[in-house]
Amino acid sequence: MSRILLVEPDWTETFHDFLPLKFVLKIPYCLHVQGIIEKMRASNPLDKEKEDRLWEMLGMEIQSVHNREILKSLAHLQVESLHFNDDEIEKITGFDMIKMVGPIMNDDGMKAIFQQIRDLNPERFGEKIRKIEDFGKEIVNFELASNLNKYVDIRKNVLVHGDLWSPNVLWKHIDGKFSVENIIDYQAIHMGNPSEDLVRLFVSSLSGTDRQNFWEHLLEKFYQFFLEALGKNSVPYSLDQLKDSYRYYFVFGGLALIPMFCHVFQTNIVNFPDLEMMEKSREIIEEKIEKLLEDVEKFHLLSRNVTKSYKKPVRRS
């Protein structure tokens, strides 16, 4: 939904040695989302000094994304964020999940999303959508999604990219192999739960079947990378807490991605001149949505009472 440009400028300034040889320019399509972000920035502005400090904090680890797998890169980002002090954490506050996606995932928004899915393939999705609609308003649990660490008893927030899905991962192709070149678009960056980026990444980047079959294995691999990067430092959360976080966040994170899938199909795939390619791409999108809907129902039944039955853990002195 956006356009990504790789700019190779011919600088005319005499201090060109301090300027980048190349940079990525993203032109967003979702201008309404940009407006929400600007409002959040206005309520908690980053001046030039603060913004420079943010990139100083993150710059080294972002550059190290080159030639690494996404999971390892994300694990290192989370570990680095554990060393942020209060002042540094304050510099990346301002993200408000409810303000960001509230207008999309309110009652009217969800009705529109479900209708979009029906329109793609009524026979394939109709019954699955009906089951989810039967849950009513409880299907979107902002409280659980916004305060997930409290409900899984993770006591320290980690850095969350906030928009980690396929279009924000840049790849390079060398000798017939693809590898991660960089991760871009940090406008939704915030401190939160370690599963948020993983849910979004798995739903967007894997087939529905592969995600269902391998999500636990991938979380275990991620956690291995996380422990390696952590070294001898104290461990802020367990593998079981990470898996519970994934299960509890999946409904919210998965539903938030469905409009993206629908938009990609409606604005791009239907215009493919090659009918065979169009049908192949259509099946990829529909399979993702079908398996996503199955797991939304499954994980909602698992997590629907988490906030209602919550009891504050008793801390031992």
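# Questions about a predicted model

Visitor: At what angle do helix H6 and helix H12 pack?

Guide: This is a predicted model, and in the model helix H6 covers residues 107-120 while helix H12 covers residues 239-267. The axes of the two helices are 10 Å apart, and the crossing of H6 and H12 is left-handed. H6 and H12 are therefore oblique to each other, and the angle at which they pack is about 45°.

Visitor: And at what angle do the axes of H10 and H12 cross?

Guide: Two packed helices are described by the angle between their axes and the distance between the axes. For H10 and H12, the axes come within 8 Å, and the crossing is right-handed. H10 and H12 are therefore oblique to each other, with axes that cross at roughly 50°.

Visitor: Is Gly253 buried or exposed?

Guide: Gly253 lies in helix H12, and its C-alpha is 8.8 Å in space from the C-alpha of Val203, although Gly253 and Val203 are 50 residues apart in sequence. The relative accessible area of Gly253 is 4%. Since buried means under 20% relative accessible area, Gly253 counts as buried.

Visitor: Where does Lys137 lie, the residue whose side chain meets that of Asp107 in a salt bridge?

Guide: The side chains of Asp107 and Lys137 meet in a salt bridge at 3.6 Å, N to O. This pair links distant parts of the chain, 30 residues apart, with Asp107 in helix H6 and Lys137 in the loop between helix H7 (122-133) and helix H8 (142-146). The place asked for is therefore the loop between H7 and H8.

Visitor: How many residues apart are Asp163 and Arg200?

Guide: The side chains of Asp163 and Arg200 meet in a salt bridge at 2.9 Å, N to O. The pair links distant parts of the chain, with Asp163 in the loop between strand S3 (158-160) and strand S4 (169-174), and Arg200 in helix H10 (residues 195-205). Asp163 is buried, and Arg200 is buried as well.

Visitor: In which helix do Lys291 and Glu294 both lie?

Guide: The side chains of Lys291 and Glu294 meet in a salt bridge at 4.0 Å, N to O. Lys291 counts as buried at 18% relative accessibility, whereas Glu294 counts as partly exposed at 27%. The two residues are three residues apart, about one turn of the helix, and both lie in helix H13 (residues 275-303).

Visitor: How many salt bridges does the structure hold?

Guide: Some charged residues are linked in a network of salt bridges, namely Arg124, Arg282, Glu283, Glu286 and Glu290. For the structure, the number of salt bridges is 19.

Visitor: Which strand gives the largest share of the nonpolar patch?

Guide: Leu5, Trp11, Phe23, Leu25 and Ile27 form this nonpolar patch on the surface, with about 410 Å² of accessible area together. One of them, Leu5, lies in strand S1 (residues 3-7) and is partly exposed, with a relative accessible area of 38%. The largest share, three residues, comes from strand S2.

Visitor: What is the value of phi for Asp153?

Guide: Asp153 is found in the loop between helix H9 (148-152) and S3, and it counts as partly exposed at 24% relative accessibility. Its phi is a positive value in a residue other than glycine. The value of phi for Asp153 is near 60°.

Visitor: Is Asp185 buried or exposed?

Guide: Asp185 is found in the loop between strand S5 (177-183) and strand S6 (190-192), and its phi is near 70°, a positive value in a residue other than glycine. The relative accessible area of Asp185 is 12%, and because buried means under 20%, Asp185 counts as buried.

Notes:
Residues are numbered from 1 along each chain as its sequence is written. This is a predicted model: local features need pLDDT of at least 70, side-chain atom pairs count only at pLDDT 80 or more; totals for chains, interfaces and linings use all residues. Side-chain values use heavy atoms; hydrogens and water are left out. Patches are made of residues with over 30% relative accessible area and no salt bridge: like charges are joined within 9 Å, nonpolar side chains (Val, Leu, Ile, Met, Phe, Trp, Tyr) within 5 Å. Accessible areas come from the Shrake-Rupley method with a 1.4 Å probe; for residues, only the protein chains shown count as cover. Helices (H or I, at least four residues) and strands (E, at least two) are DSSP runs, numbered from the N terminus. Buried means under 20% relative accessible area, exposed over 50%, partly exposed in between (1.4 Å probe, protein chains only). Axes are lines fitted to C-alpha atoms, for helices over the stretch in contact, and angles run from 0 to 180 degrees between N-to-C directions. Angles under 35 degrees count as roughly parallel, over 145 as roughly antiparallel, 65 to 115 as roughly perpendicular and the rest as oblique. A crossing is left-handed if the near helix is turned anticlockwise from the far one by less than a right angle, and right-handed if clockwise.
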